[in-house]
Amino acid sequence: RSPSTIVKRAAMEGIGLVFISRPEVMLEDNMLKMMSAAMVPGSGVDPNIRMQALANLSDFLTEEEQRMAALGEAGGSAPDGALQKSAGEGDTGAASQVVQKLWPRVLAIMTDGRDHVGEDEHRGAALRIAEQAARQGLVHPLSVIAQLIALHGDASAPVAATAHRQLKAYMEGHPDFVETRLGDGLRLMYELYSATGIEAVA
């Protein structure tokens, strides 16, 4: 790992801490553009930088979920699936806006293996973000079901188990959604495991 990469990842990690302490900063256009650029799949972005960007987003969603829980315990309220920009400010759109801007990148990473063939780190991190977003009601189920079907066959036990858990929840609540995206999911599975050479469950 080059000194430049180490410095860039450290800088990205520091920015993630700013996002946690000041969530409104993540809504700024330049910050969202930076995060989006760091999450581009493929060899154009250093995988360590991409992984740190994924960690930043996951930590941000975790912190926002905890803030929401604390607000509820304190007797406050907010609409389902919308987390406050910062505790007590009454702006409930921060997490939703961030996820909507970066969601295409998360989905792309879930089914991309070109620069980390045989490794589940990036796919697993994106999958966990998808689980966070779904739990908080920030995304529509139809937008992620095809990717979950594809990852259901992953050779990585943690990735496959997480995808299975999420698919099971969707089957119980929205079986028609799963049926609608079954064909797309099988196509993505082929593209991920056959076209890129990543090993799948036999």
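Reader: What is the handedness of the crossing in which H3 passes H4?

Author: The model is predicted, and in it H3 passes H4 in a left-handed crossing. H3 covers residues 47–73. The two helices pack at an angle of about 145 degrees, and their axes are 11 Å apart. On the H3 side the contact is made by Arg 50, Leu 54, Leu 57, Phe 60, Leu 61 and Glu 64. On the H4 side Ala 94, Ala 95, Val 98, Val 99, Leu 102, Val 106 and Ile 109 take part. These residues divide into 11 nonpolar, no polar and 2 charged.

H4, residues 94–110, also packs against H5. Here the angle is about 140 degrees and the axes are 8 Å apart. Angles over 145 degrees count as roughly antiparallel, and H4 and H5 are therefore oblique to each other. Their crossing is left-handed. Val 99, Trp 103, Val 106, Ile 109 and Met 110 of H4 meet a set of H5 residues, including His 122, Arg 123, Leu 127 and Ala 133. The contact comprises 10 nonpolar residues, 1 polar and 1 charged.

H5 itself runs over residues 121–135. At 1.5 Å a residue, its 15 residues should span 21 Å, and the end C-alpha atoms are 21 Å apart, which agrees. Of those 15 residues, 11 are buried, so H5 is largely enclosed by the rest of the structure. Among the buried ones are Gly 124, Ala 125, Glu 131 and Gln 132. Just after H5, Gly 137 takes a positive phi of about 70 degrees.

Conventions:
Residues numbered from 1 in each chain as written. Predicted model: local features only at pLDDT ≥ 70, side-chain atom pairs only at ≥ 80, totals over all residues. Heavy atoms only, no water. Helix = DSSP H or I, 4+ residues; strand = E, 2+ residues; numbered from the N terminus. Expected span 1.5 Å × (residues − 1). Buried < 20%, exposed > 50% of the residue type's maximum accessible area, 1.4 Å probe, protein only. Axes fitted to C-alpha atoms, helices over the stretch in contact; angles between N-to-C directions. Parallel < 35°, antiparallel > 145°, perpendicular 65-115°, else oblique. Left-handed = near helix turned anticlockwise from the far one by under 90°. Contact = heavy atoms within 4.5 Å. Nonpolar A, V, L, I, M, F, W, Y, C, P; charged D, E, K, R; others polar.
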